[in-house]
Amino acid sequence: MVNLMKIKTLIAVTLLCLGFAAAAQDRIVSQAYEVALSDFRAPATENGGAAFKECRNCARRIVRVTSGTRYAVNGQSLSLEKFREAISKADDRDEKSVTVLHHLESDTIVSIDVYI
């Protein structure tokens with residue numbers, strides 16, 4: 001009888017732990033924003049901040065970038081300097097979109113992708 005109770009308790013504890021592990025994986029760790037290029041300001045340095053507005057009437061957000069932030073134009077990874085140069089030459093900035101991937105826990109930008 002005692003062994004049966006230990007087995008039932010062990011199974012219950014195991015199922016409870018599995019439930020906590022499954023719930024932890026449903027956490028949102030990153031959020032992507034798609035903004036117009038006209039509402040986006042690229043960081044000046046590798047440890048600076050990128051500024052963007054989620055909508056025309058929204059407040060401007062400034063989120064820190066790191067040396068690990070990835071910059072891409074038309075799917076091609078570039079250095080920050082070449083990225084800034086490429087987006088500065090873009091025409092019709094209201095029609096071009098920028099995807100900013102924001103890591104919520106570290107409050108940093110993981111990647112910035114632009115299609116021009």
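A residue is called buried when its relative accessible area is under 20%, exposed when it is over 50%, and partly exposed in between. The model discussed here is predicted.

Q: What share of the 116 residues in the protein is buried?
A: The cut-off for buried is a relative accessible area under 20%. The protein has 116 residues, and the share of them that is buried is 28%.

Q: What pattern do the helices and strands follow along the sequence?
A: The protein has two helices and seven strands. Read along the sequence, they give the pattern α-β-β-β-β-β-α-β-β.

Q: Of the contacts with a separation of 6 or more, what percentage joins residues 24 or more positions apart?
A: A contact needs heavy atoms within 4.5 Å. Among contacts in the protein with a separation of 6 or more, residues 24 or more positions apart account for 54%.

Q: Which element gives the largest share of the largest nonpolar core?
A: This core has 20 residues, and those touching the most other members are Phe40, Phe52, Phe83, Val98, Ile109 and Ile112. Two or more residues come from each of β1, β3, β4, α2, β6 and β7. The largest share is four residues, and it comes from β4.

Q: Is the ring pair of Tyr33 and Phe52 stacked, edge-to-face or tilted?
A: A pair of aromatic rings is described by the distance of the centres and the angle of the planes. Planes under 30 degrees apart count as stacked, over 60 as edge-to-face, and the rest as tilted. The centres of Tyr33 and Phe52 are 5.2 Å apart and the planes are at 45°, so the pair is tilted.

Q: How many residues apart in sequence are the parts that Tyr33 and Phe52 tie together?
A: Both Tyr33 and Phe52 are buried. Tyr33 lies in strand β1 and Phe52 in strand β3, so their pair ties together parts whose separation in sequence is 19 residues.

Q: How far apart are the ring centres of Tyr71 and Phe83?
A: The whole structure holds two aromatic pairs. In the pair of Tyr71 and Phe83, the planes are at 45°, so the pair is tilted, and the centres are apart by 5.3 Å.

Q: Which helix holds Phe83?
A: Tyr71 and Phe83 are both buried. Their pair links distant parts of the chain, 12 residues apart: Tyr71 is in strand β4, and Phe83 is in helix α2.

Q: Is His102 buried or exposed?
A: His102 sits in strand β6. Leaving out residues up to four places away in sequence, it touches several residues, including Tyr33, Val63 and Ile109. The relative accessible area of His102 is 3%, which is under the 20% cut-off, so His102 is buried.

Q: In which loop is Asn74 found?
A: Phi of Asn74 is near 55°, a positive value in a residue other than glycine. At 42% relative accessibility, Asn74 counts as partly exposed. Asn74 is found in the loop between β4 and β5.

Q: What is the relative accessible area of Asp92?
A: Asp92 lies in the loop between α2 and β6. Its phi is near 50°, a positive value in a residue other than glycine. Asp92 is partly exposed, with a relative accessible area of 47%.

Definitions and conventions
Residues numbered from 1 in each chain as written. Predicted model: local features only at pLDDT ≥ 70, side-chain atom pairs only at ≥ 80, totals over all residues. Heavy atoms only, no water. Buried < 20%, exposed > 50% of the residue type's maximum accessible area, 1.4 Å probe, protein only. Core = buried A, V, L, I, M, F, W, Y, C linked by side-chain atoms within 4.5 Å. Phe/Tyr/Trp six-rings, centres within 6.5 Å; stacked < 30°, edge-to-face > 60°.
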